[in-house]
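Hello,

Here is the structure we talked about handing over. Please open it first; my notes follow below.

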Number of protein chains: 2
Amino acid sequence: MDDQSRARCEQLATIMKALGHPTRAFIVMELAEGSRCVCELTDMIGADTSTVSKHLTVLKNAGLVQSEKEGLMVHYSLTTPCLLKFYSCVEDLVRKDMEEKQKLLQN
Amino acid sequence: MDDQSRARCEQLATIMKALGHPTRAFIVMELAEGSRCVCELTDMIGADTSTVSKHLTVLKNAGLVQSEKEGLMVHYSLTTPCLLKFYSCVEDLVRKDMEEKQKLLQN
DNA sequence: TCACTATTTGGCTATATTGCCAAATAGGAG
DNA sequence: CTCCTATTTGGCAATATAGCCAAATAGTGA
């Protein structure tokens, strides 16, 4: 594995890792509907504000979301709608996996 | 967040988490070229065999790869080519992010 | 200025992940 | 059976992550 390949893998892994938490997955799906402020997300998630804020920081550091300040509130939004195709692809995968398991159970 | 939504997020996060490690990202890209046995991957990665084996287990538990035994060797392959579209989408994102940073540096 | 709200940051503990070594398991060849 | 190779598993120490609380920061309005 050369340096370039290594760098590429690390970049991909960083993004995937950022998406690899249920709360952050939820945030991404919610932001796909439109921008939300931290307090809205916090209400929906039901965790401490600081916890939600930290999850948002992780997503931001990975370049997946961006934030904009407006008065007291900070609005977060997806940097790209690409993430959605992304999720639908993963869910196809999950579906396929479930079907496999069903088949195995029937045999 | 209702139970169904929570379950969906956990499923997505499990898969993303499995992809969220440089070595596993490499494995997925390598398997996209064709099936590989553990020893081939170990040579390329340059880590302990047991380490590589455990990474493969993580990918397998997430339903991303499958294994087939042939003699002494175990051949791993992707369960779905969908993962590739997936990565190209992420890399578009990375590229976009880089361009943004370039722009910011220039201003 | 003071009080109030929204958000971020620091610090802490609990938990999870990683990677190595050693040992166990499984199959092939003599 | 014995030796050898490929792979997996168990165990351990180092590191990373998550979530809460408390405190700091920032903006709003009286």
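Start with Arg36(A): this residue is buried, at a relative accessible area of 18%. Buried here means under 20% relative accessible area, with over 50% exposed and the range in between partly exposed (1.4 Å probe, protein chains only).

Some ground rules. This is a predicted model, in which local features need pLDDT of at least 70 and side-chain atom pairs count only at pLDDT 80 or more, while totals for chains, interfaces and linings use all residues. Residues are numbered from 1 along each chain as its sequence is written, chains are lettered from A and ligands numbered from 1 in the order written, and side-chain values use heavy atoms, without hydrogens and water.

Salt bridges

Side chains of opposite charge can pair when their charged atoms come close. The cut-off used: a side-chain nitrogen of Lys or Arg within 4 Å of a carboxyl oxygen of Asp or Glu. Over all chains, that rule gives two salt bridges.

In chain A, Arg36(A) pairs with Glu30(A), with 2.8 Å between the closest N and O atoms. Glu30(A) is buried too, at 15% relative accessible area. In chain B, Glu30(B) forms a salt bridge with Arg36(B), and the closest N and O atoms are 2.8 Å apart. Glu30(B) is buried at 15%. Arg36(B) is buried at 18%.

The sheet in chain A

Helices (H or I, at least four residues) and strands (E, at least two) are DSSP runs, numbered from the N terminus. Strands pair if DSSP finds at least two bridges between them.

Chain A has an open, antiparallel sheet of three strands, ordered S1-S3-S2. S1 (36-37) and S2 (65-70) of chain A are the edges; each has a single partner strand, so one side of each lacks a neighbour in the sheet. Two bridges link S1(A) to S3 (residues 73-78) of chain A. Cys37(A) has His75(A) as its bridge partner in S3(A).

Helix H3 in chain B

Which residues of H3 (38-45) in chain B are buried? They are Val38(B), Leu41(B), Thr42(B) and Ile45(B). Their arc around the axis is only 100°, so they lie on the same side of H3(B). That arc is taken from the directions from the helix axis to the C-beta atoms.

These buried residues pack against H2 (22-33), S1 (36-37), H4 (49-61) and S3 (73-78) of chain B. Contact means heavy atoms within 4.5 Å. Just after H3(B), Gly46(B) has a positive phi of about 80°.

Best wishes
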